[in-house]
Amino acid sequence: MSEFWQNGTGLALLLAGWLVPRWVAGARRIGPAMLLDAAPLALVALVLTVASGRPVFAGACVFALGVGFAFADRTVREILQEPVVFSALSELPQIFTHPHLYLPFAGTGPVLCGVGGAVLAAVVLLMAEPNLLTPHPLAALAIAGGFVSELWLIAGDPGPVARVLQRLGPTGEPFADAATLGPAAMLVVHGIVARAERPARQARLAPDIMPPAPAEGRPVVVVQCESFFDVRRMLPLLPDDFLAGFDACRGVGGRLAVPAWGANSTRAEFAVLSGLPEAALGYDRFNPYHALTRTPIASLAWRLRQAGYRTICLHPFDRSFYRRDLAMPALGFAEFYGRETLGGSRTPPYASDPELADHILRVLDAAGPRVFIFAITMGNHGPWLAKSPPVEPWLASLVAPNVPQRAELLRYLAGLRQTDEMLQILAGGIKRRGARTILACYGDHLPSLPRAFAHFGFADWRSDYAVWSGAGVAGPRRDLAAHQLGRLVADIALAPCVPALLDSVVGHSLGA
């Protein structure tokens, strides 16, 4: 194997590994950002070449990384309607701890075969390719260590580097920046700028933590319903009573403008709890739990806690998923119970929504009249796999055989019925107790069923919400943004006379 062939092949693989993600991102612009975009893969190639002395092996590894990233980016663009963003890097460990939440969307078989094939090819190349250079593993380790040290220094004071990167003209919009800067450069720029801006934002958003000042109030239950929306908007053949529980809870209700499609529950969750629009979050809007909530953030929970409420979060799943174990205390929850307390499985089928309703009612009984319960459901979380319970025949008859993703859509609809049963249990339980409880529910985002939605021509990203104050009368539809909902709930809960003041409270919250 000639030196020219080895060097040329290694360089060609390196360039291909860089160009494939740029092709997916539509990055065609030539400029200084190209150097930053190429730098991560070039560094990997340098380290592997120095360590092994084999340029083809190094180029093949870089090619595999580039193609793998491009595949992930293209998949995310399809199922989430956005490219890979910098905060997604914090979710990489979750692919290994909760693979069932990620791999089926991309195809578990293709992903495992691709990874296995890449590892096998790397091993074969490492054994078959002759050394072109003398391997220096310690030198490679030193290069990698120097790079990590530089990252550590930048992380400690990212301001100067962030100011330099701002000259590249990032807009903060991931589609545009991936195309103009390149996908890797976008991740670097967004990550460093976000870190530089974050301390000032955290200081501005910090709550005024003071001793509780008990005020007139009513028990509050807010339920974030996984992948929930009024699907009758898309499927008019569904019976009117398909979501009877949701309809019964709709004293005030309507469409809810949520910040994401298909996943990223934490965006709507944070918006509802914090009352903050996306514009107030800068780059942290992609995942507020990534780093923003490492310090206390003013929220609905803090507001009610100051009014003497006991604040409790329930989520029948892994408390550390999405770093909620750190975020929930920062958002004002004094207690946070996960699957260790509530039960529920780490793998599908998860804890059902009706089971969560029973937990909510038990906590409501035990916690006393001044309590705020925020529950995050898991029962209808995608992907909607074939091992889910069988779909009722009457429901299957309402979706034509030619609908793309028909099987997944039917299983989603069956899960939606379970969510509606949960709402019926909650509303019925509250009525039987004669409680003055405020019950609110909303969908965090629409389900990731892009081909089914395209078939029906349904492109509305909004989910739905309902707030029931016990008045038992459904008012006119009032559409909200997610960040307005939490403020509305708090205003209703703390109002002296909810039925009489409901319209004025809603109007105040909408105008805030």
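## Central sheet and a helix across it

Helix α12 (residues 265–274) lies across β1 (220–225), β5 (371–376) and β6 (438–443), and its direction makes an angle of about 165° with that of β5. Axes here are lines fitted to C-alpha atoms, for helices over the stretch in contact, with angles running from 0 to 180 degrees between N-to-C directions, and contact means heavy atoms within 4.5 Å. Helices (H or I, at least four residues) and strands (E, at least two) are DSSP runs numbered from the N terminus. The model is a predicted one, in which local features need pLDDT of at least 70 and side-chain atom pairs count only at pLDDT 80 or more, while totals for chains, interfaces and linings use all residues. Residues are numbered from 1 along each chain as its sequence is written, and side-chain values use heavy atoms, with hydrogens and water left out.

The open sheet is formed by eight strands in the order β4-β3-β5-β1-β6-β7-β2-β8, with mixed pairing. Because β4 (335–337) and β8 (480–481) each have a single partner strand and stand at the edges, one side of each is left without a neighbour in the sheet. Two strands pair if DSSP finds at least two bridges between them; β3 (residues 310–314) and β4 are joined in the parallel sense over three bridges, and Cys 313 has Phe 336 of β4 as its bridge partner.

## Enclosed cavities

A cavity is a set of points, on a 1 Å grid over the protein atoms alone, where a 1.4 Å probe fits but cannot get out, whereas a pocket is an open set with protein on both sides within 12 Å along at least five of seven lines; lining residues have an atom within 4 Å of a point. Grid points are joined across faces, edges and corners, and a volume is the space filled by probe spheres set on the points.

The lining of the largest cavity includes Gln 224, Glu 226, Ser 265, His 315, Arg 324 and His 381. By class, this lining has four nonpolar, five polar and two charged residues, where Ala, Val, Leu, Ile, Met, Phe, Trp, Tyr, Cys and Pro count as nonpolar, Asp, Glu, Lys and Arg as charged, and the others, Gly among them, as polar.

## The second largest pocket

The second largest pocket has a volume of about 440 Å³ and is lined by 21 residues, of which Gly 379, Ser 388, Pro 389, Gly 415 and Gln 418 lie nearest its centre. Helix α18 (residues 406–432) gives the largest share of this lining, four residues.

## Backbone features in the loops

A cis peptide bond, with omega near -5°, runs from Pro 348 to Pro 349, and Pro 349 lies in the loop between α15 (339–342) and α16 (353–367). Gly 382 and Pro 383 are also joined by a cis peptide bond, with omega about 0°, and Pro 383 is found in the loop between β5 and α17 (393–396).

Ser 227, in the loop between β1 and α11 (244–248), has a positive phi near 55° although it is a residue other than glycine. Ser 227 is buried, with a relative accessible area of 1%, where buried means under 20% relative accessible area, exposed over 50% and partly exposed in between (1.4 Å probe, protein chains only).
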